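Please keep the model open while reading.

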Amino acid sequence: MTDLQPVIGLEVHAQLKTASKIFCGCPTQFGAPPNTNVCPVCLGMPGVLPVLNRRAVEYAVRAALATGCRVNRSSIFARKNYFYPDLPKGYQISQYELPLAEHGRVPIDVDGGAGEAVKEIGLTRIHMEEDAGKLIHEGMPDSDSRSYVDFNRSGVPLIEIVSEPEIGSAQEAHAYLTLLRSILVYLGVCDGNMEEGSLRCDANVSVRPVGREKLGTKVEVKNLNSFRNVMRALDYEIARQSDALRRGESIAQETRLFDADRGVTEPMRSKEEAMDYRYFPEPDLPPLVVEDAWIEEIRSSLPELPRQRRARLMREHGLSARDATFITLEKPLADYYEAVAAASRNPKAAANWVCSELIGRLNAARLTIDRSPVPPASLSALVRLIEDGTISGKIAKSVFDEMFAGGGEPAEIIRRKGLVQISDEASIEAAVDKVLADNPGQLETYRKGKTAAFGWFVGQVMKATGGKANPGLVNEILKKKLRA
């Protein structure tokens, strides 16, 4: 069979960071005792009326504007009818024919963050809806198992961000999701926590022969609770569908679940169409009208977003595209870096310390940047001590280890451990003379043309001075002595 290509569209559900739910005043606090953040409205009691949360609309508009969407002046809420134990009303208030916003775009890097190859993924729509509750299962199937329903999440405001089927691989899907999450967090409209369910993703996957315009049969994959699992599920599903087509089999249009333990997708149910949900306008809510003046007010309040910040850091601080991309994907990390860069007055050294030394240690300790034991002021002080020659870069790493372990400020650690760099030429010259005198064989080897021995001499001088000698002076004095 002709070569095959995957076509992927993603549906991202993002919980909005409002203090109260979308149609009632119940709090949205995560982790509250089951069924405590509830009221007759979010429990779907007969006779209650929803009242739309203005802040939820504002957050949804912020997300739409930041992703280049057109915000519709008028949109309609609809009832999406289906039965599930955690959906108390038997329908979900969502939007269908007239969503809040349409036709956006998310530009992704397709070169691993080098910043040169960019592909724009179109957004079909962003619409608002309420979240359902949560089922909690206890025990194993076919045994003494029980299921419970927690309605705390019922009515939490969501936006659903639907991409065009323009994603061509699991890697592109990862890049898209990473940037989209970053945008939402920068905006302050979603905390992006996939473990807590604040950000959830369903994938629509099909495969078709290369060059054919018509899409293949679409399969929806659910239960994707991390970016890594999104990639794993997509890779598996693309391979499964490709193998089936090559064997002459047809693909069933269905919804499948991803089993993360086994790395496979399994059938869940036949795929619903819009007609199955029997959408009709929500009779208890009038059309949502968003005035132009309010849209412009929200637009003017948008923060600097990840790609804009990346461009500025590259322009102002001379960072590479890769470093700038890494730093700006997480807003707290970018804020930390900029604080170190400003206080140390050495943006490139700040980037090296943040991207390599700090992040490596944080990852090993399973800490996030906001829980870093080394505040920006302390790291910038360390960078300045290297710059002014107080310590060498090698000593700085051991000082940083001490700082990370809670040992205090860099100047205090250096004083306490006697780590001040030796920059006195006479002292270094004396150490060089002793190393040369004690190693006549190596000296003869060097003078016969084995210049690699130079590095050995540098190492011996550094060892003799306890690693405290200024490396630049060591190199300079050694070269002068060896030439003589």
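**Salt bridges and their setting**

Arg 309 is buried, its relative accessible area being 7% (buried means under 20% relative accessible area, exposed over 50%, partly exposed in between, with a 1.4 Å probe and protein chains only). The model is predicted: local features need pLDDT of at least 70 and side-chain atom pairs count only at pLDDT 80 or more, while totals for chains, interfaces and linings use all residues. Residues are numbered from 1 along each chain as its sequence is written, and side-chain values use heavy atoms, with hydrogens and water left out.

Arg 309 forms a salt bridge with Asp 335, with 2.8 Å between the closest N and O atoms (a salt bridge is a side-chain nitrogen of Lys or Arg within 4 Å of a carboxyl oxygen of Asp or Glu). Asp 335 belongs to helix H7 (residues 331-344) and Arg 309 to helix H5 (residues 306-317), so the pair ties together parts 26 residues apart in sequence. Helices are DSSP runs (H or I, at least four residues), numbered from the N terminus. Asp 335 is partly exposed, at 32% relative accessibility. Both residues belong to a network of salt bridges that also links Glu 304, Arg 312, Glu 316, Lys 331 and Glu 338.

Other pairs lie within one helix. In helix H4 (residues 292-300), Arg 299 and Glu 296 are 3 residues apart, about one helical turn, and their closest N and O atoms are 3.2 Å apart in a salt bridge. In helix H11 (residues 410-417), Arg 416 and Glu 412 are 4 residues apart, and their side chains meet in a salt bridge at 3.0 Å, N to O.

Over the whole structure, the search finds 36 salt bridges.

Definitions and conventions. Helix = DSSP H or I, 4+ residues; strand = E, 2+ residues; numbered from the N terminus.
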